[in-house]
Amino acid sequence: HCVTGVQTCALPISVLEAIRGKKAFNHDMRIVGKDGMHWISTSATVFYDKNNNPLRMLGATSDITKQKQLDQEKSDFLSMASHELKTPLTSMKIFIDLLKRQQTIDTEKGVYYVDRIKDQADRLGELTNDLLDVSRIETGKLKLSKDLFELNSLIEETVESLQPFTQKHKINIYHNGPR
C-alpha cells in the first residue's frame, strides 16, 4: 500500500477523488464471499496534516446485502403490480366506452356518471403509470416529460370527483385569474 515520501501509491479513483476534493468517501461494491455475492458499503473521512497532505482515512464498512435485496424486491413488486393493474384497467375503459355509446340523449345523468367512471379509470391508469415510474426511477430508466396543463380545469375535475362523496357540504370554486 502507500509509503510516505517519494513513492506513490495505487489507490482506487474514488479514494483519490475523496482526497483531492477533501470530501467524505462513500462507495458501494459487490464482493464474492464463500457464501455467495455480497454488497458492501464503505464510508470514510480523510484526515490531513498541517500542510494539507493526507495522513489517514478513517471509516467503516458494512454489509448491505439484505438492504439491496429488499430494494430489488420492492422494485420488482412495483413493476409487476403496475403491469398487472393495467390489464383490468384497459378492459374497464373499453366496456365504459361501449356503455357510453349505447346511452341515449335522454339519459343525461347516466352519461354524466359514465363520464365520471371513465375519468376515474383514466386517473387509475395515471396512478398505475406513476407506480411504474417509481420502479423506473429506482432503476434509472425514467424519462422526464413536461406537459402544460390548465390548472383551473384540474381543480374543477378534482372537485367534480370529490363532490359526490359529501352530501353535507358543497364545494365552491372561485377563480381569481384567467379562465
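Author: Buried means under 20% relative accessible area, exposed over 50%, and partly exposed in between, with a 1.4 Å probe and protein chains only. Helices (H or I, at least four residues) and strands (E, at least two) are DSSP runs, numbered from the N terminus.
Reader: Which residues are buried in helix H1?
Author: Val15, Ala18 and Ile19 are buried in H1, which spans residues 13-21.
Reader: Why do they sit on the same side of H1?
Author: Because they cover an arc of only 95 degrees around the axis. The arc is taken from the directions from the helix axis to the C-beta atoms.
Reader: What's the general rule on residues a turn?
Author: An α-helix has 3.6 residues a turn, so residues three or four places apart point the same way.
Reader: And what covers the buried residues of H1?
Author: The cover includes strand E1 (25-33), strand E2 (36-48) and strand E3 (54-63).
Reader: Which exposed residues are on the face turned away?
Author: Ile13 and Arg20.
Reader: What happens just after H1?
Author: Lys22 takes a positive phi of about 50 degrees.
Reader: New topic. Where does the model come from?
Author: This is a predicted model: local features need pLDDT of at least 70, side-chain atom pairs count only at pLDDT 80 or more, and totals for chains, interfaces and linings use all residues. Residues are numbered from 1 along each chain as its sequence is written, and side-chain values use heavy atoms, leaving out hydrogens and water.
Reader: How many helices and strands does the protein have?
Author: Four helices and three strands. From the N terminus on, the order is α-β-β-β-α-α-α.
Reader: How much of the protein is buried?
Author: Buried residues make up 16% of its 179 residues.

Technical notes:
Contact means heavy atoms within 4.5 Å.
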